[in-house]
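Open the model in your viewer and keep the sequence panel beside it. The stops below say what to select and what is found there.

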Amino acid sequence: MNRWGATGAVFAFWAVIFGAFAAHGLEDRFIKLYGDQPPKMVMGHPVPAAIKYLEDFKTGADYQFWHALGLLFIGAYQPRHSSRLLNAAGVCFVNGILLFSGCLYLLALLNQPWLGMIVPLGGLSFLIGWFLLAVGLCKSHKKSEQTE
């Protein structure tokens, strides 16, 4: 079984569900939950809190989907080019999805602003994952050139 490919497919599946939930089911809930809160400042402009949290939720789904595709790529590439760096990149993507996307979902749904302090750790995990993936691909390319 290809664990990275399967993990990527599961995360992509849930990203689509969360994205659809955000597009079709959360607006009324967020208006009820955040309608009486003062506007949030976004890039120097006031934005209704309900809209801000809905956008945060959608951002979580977007990043989850892109990194699920990264996991699918690792799953497709790794069987021919086993690498600790590719495994580490996969772990970073999973951690990033859980910390970044997961905390954005919970922050928006539960109105727990303290979760916003964890979100950057997920972003850092994504960045480390992409770096490890790039280094791992370069190293596996050099290995394959040497064996030819």
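How many disulfides does the structure hold? The structure holds 0 disulfides, a disulfide being a pair of cysteine sulfur atoms within 2.5 Å. This is a predicted model, in which local features need pLDDT of at least 70 and side-chain atom pairs count only at pLDDT 80 or more, while totals for chains, interfaces and linings use all residues. Residues are numbered from 1 along each chain as its sequence is written, and side-chain values use heavy atoms, with hydrogens and water left out.

**Stop 1: the cysteines**

Select Cys92 and Cys103. The closest cysteine sulfur to that of Cys92 is in Cys103, 16 Å away, which is too far for a bond. Cys103 is likewise in no disulfide, its nearest cysteine sulfur being that of Cys92. Cys92 is buried at 13% relative accessibility, and Cys103 is buried at 7%. Here buried means under 20% relative accessible area, exposed means over 50%, and partly exposed is in between (1.4 Å probe, protein chains only).

**Stop 2: the whole chain**

Zoom out and switch to a cartoon view. The protein has 5 helices and 2 strands, and from the N terminus on these elements run α-α-β-β-α-α-α. Helices (H or I, at least four residues) and strands (E, at least two) are DSSP runs, numbered from the N terminus. The C-alpha trace spans about 65 × 30 × 20 Å along its principal axes. Of the 148 residues in the protein, 37% are buried. Taking contacts between residues at least 6 apart in sequence, 73% join residues at least 24 apart; a contact means heavy atoms within 4.5 Å.

**Stop 3: α2 against α4**

Select residues 27-34, which form helix α2, and residues 84-110, which form helix α4. At what angle do α2 and α4 pack? The angle is about 60°, and the axes are 9 Å apart. Axes are lines fitted to C-alpha atoms, for helices over the stretch in contact, and angles run from 0 to 180 degrees between N-to-C directions. The two helices, α2 and α4, are therefore oblique to each other: angles under 35 degrees count as roughly parallel, over 145 as roughly antiparallel, 65 to 115 as roughly perpendicular, and the rest as oblique.

Now show side chains at this contact. From α2 come Arg29, Phe30, Leu33 and Tyr34, and from α4 come Leu107, Ala108, Leu109 and Leu110. These residues divide into 7 nonpolar, no polar and 1 charged. In this count Ala, Val, Leu, Ile, Met, Phe, Trp, Tyr, Cys and Pro are nonpolar, Asp, Glu, Lys and Arg are charged, and the others, Gly among them, are polar.

**Stop 4: the aromatic cluster**

Select Phe13, Trp14, Phe18, Phe21, Phe57 and Tyr105, which ring pairs link into a cluster. The whole structure has 13 aromatic pairs. Rings of Phe, Tyr and Trp (its six-membered ring) pair if their centres lie within 6.5 Å; planes under 30 degrees apart count as stacked, over 60 as edge-to-face and the rest as tilted.

Take Phe18 and Phe57 to begin with. Their pair is edge-to-face, at 6.3 Å centre to centre with 80° between the planes. Phe18 lies in helix α1 and Phe57 in helix α3 (residues 49-77), so the pair ties together parts that are 39 residues apart in sequence.

Phe21 is partly exposed, with a relative accessible area of 36%.

Move on to Trp14, which is placed in helix α1 (residues 3-24). Trp14 is partly exposed, at 39% relative accessible area.

**Stop 5: Gln64**

Finish by selecting Gln64 in helix α3. Gln64 is buried, at 2% relative accessibility. Which residues does Gln64 contact, leaving aside its neighbours within four places in sequence? They are Phe11, Trp14, Ala15, Phe18, Ile97, Ser101 and Tyr105.
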